[in-house]
Amino acid sequence: MAPGMATRSEGGHYNARITWFVVLSCAVAATGALIFGYDLGISGGVTSMDHFLKKFFPEVFKKMKEDKTTSNYCKFDSQLLTFFTSSLYIAALVASFFASQVTRAFGRKSSILLGGAAFIIGSAIGGAAYNVVMLIFGRIFLGVGIGFANQSVPLYLAEMAPPKKRGAFTSGFNFCVGIGILIANLINYGAAKIRGGWGWRISLAMAAAPASILTLGALFLPDTPNSIIQHGKNYEKAKRVLQQIRGVDDVQIELDDLIQASDIAKAIKHPFKDIRRRRYRPQLVMSMAIPFFQQLTGINTITFYAPVLFRTIGRGESASLLSAIVVGVVGSSAVILTSLIVDKVGRKVLFFVGGAVMLVCQLIIGGIMAVKLGDHGQLSNTYAYLVLILVCMYVAGFGLSWGPLGWLIPSEIFPLEIRSAAQGIRVAVDFVFIFLGAQTFLAMLCHLKAGIFFFFGGWVTVMTAFVYLLLPETKNVPIERMEKIWREHWFWKRFVLNDEDYNGNKAETT
């Protein structure tokens, strides 16, 4: 929808237009997601470059080039190599807990600014690295940046977006992740061709470009009306910002809802303790289950190691990086489609369609690799291209479902009083399983071989059933009135107290 067109939430509660001001603000904030995607894509690319491996991981390089007895699935199995990738996510996990406190105490804008500064430092260290210790040190700073950005950016997008277009705006987070992966693959492809073997330095250092945009842009970003009200009773300022981002003067109903939500939030002194209350049980479960399932789709392990995966099936360095570019284009295109239709068809339909596509593709890929590749074989061009097509379809299925929706759903279902804490849990769980996936994927590939795709396919079946049974539809529900979906759900309504019970018994913790 073009900026300037009006939209109303379901039931006509809020007036809103999609303005250029809110579009530009969200675009700058979403640069944090672009850097996240860039880091996801860049590590797998540089770890498939011969000069990078020869300099920092010579034993892997030797195994890949000279060892004819090691299984195809085991040539990249190195704990030091995987720790180079996964160290970022350990740092992000630790940083996410601090980021939650900063976001709650100082607002979303402050967390975005700190994240951008850490990105710049990490990319500079990585690009200048001359040993593995320096490489990992740079990754740690990048992890701190990701911990802060992933905590604050989805909340910023959800709170700034007009209610009826919240899905499209928040899907922009995953779209920027996809664009970051695509840019990383393009840079890796070009850097690998630089004579002298120093192209990997460009790949690692280029994260500083979007990080600079994020850091400088954050200085001029407005804080969200929710955050302004939460950190002081400057209702007039909040109203002015709300009028500016909604493009209309009549914002009183939405402002009243934000003030009411803030009053409830101020009564919560220890959000990480209060989120254990019975009335928040649905949000607590979703804050852990959604990132858990998102990682068990297998997407990040495939994203990390797409070039390595294509080298495993017999493609050369250049062909592997080019294949990863194709996968990145497909994934970004799927997220664009999702952003256009998510507020029309709803969240659950996309979960079902995407889950079915991912499951079928994983089963076929696993079958092809089991029958045609083996431990010491090589796929023919026909089967290699078929695997590439299936990986693209799988990534498209993820881009329709667990990719954008895995960030959208948590950002919109948490009430203001526990929003920072719940998002902190969501981000922490995400990084725990990203780390475990990155650290174990190559070992799992070595031991499970083609069975790894059946492993992830089984989990896709489980998570699709979870969505069908336990996740209510959130389409068009205003973010500060989301509690009603839990009260009306067949399972969660037994946990959610009604207003009378809540007012009379706020200390419920069972």
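Helices here are DSSP runs of H or I of at least four residues, and strands are runs of E of at least two, numbered from the N terminus. By that count the protein has 24 helices and 2 strands. This is a predicted model, so to speak of provenance: local features need pLDDT of at least 70, side-chain atom pairs count only at pLDDT 80 or more, and totals for chains, interfaces and linings use all residues. Residues are numbered from 1 along each chain as its sequence is written, and side-chain values use heavy atoms, with hydrogens and water left out.

Now the interior. Of the 510 residues, 61% are buried, meaning under 20% relative accessible area with a 1.4 Å probe and protein chains only; exposed is over 50%, and partly exposed lies in between. A nonpolar core is a set of buried Ala, Val, Leu, Ile, Met, Phe, Trp, Tyr and Cys residues joined through side-chain atoms within 4.5 Å. The largest one has 79 residues, and Phe 52, Phe 57, Met 286 and Trp 402 have the most contacts inside it. Apart from that core lies another, of 50 residues, including Leu 88 and Phe 173.

On contacts, which are heavy atoms within 4.5 Å: beyond its neighbours within four places in sequence, Phe 57 touches Phe 52, Leu 80, Leu 81 and Phe 84. Among the protein's contacts between residues at least 6 apart in sequence, 80% join residues at least 24 apart.

Ile 90 sits in helix 5, residues 79-106. Is Ile 90 buried or partly exposed? Its relative accessibility is 34%, so Ile 90 counts as partly exposed.
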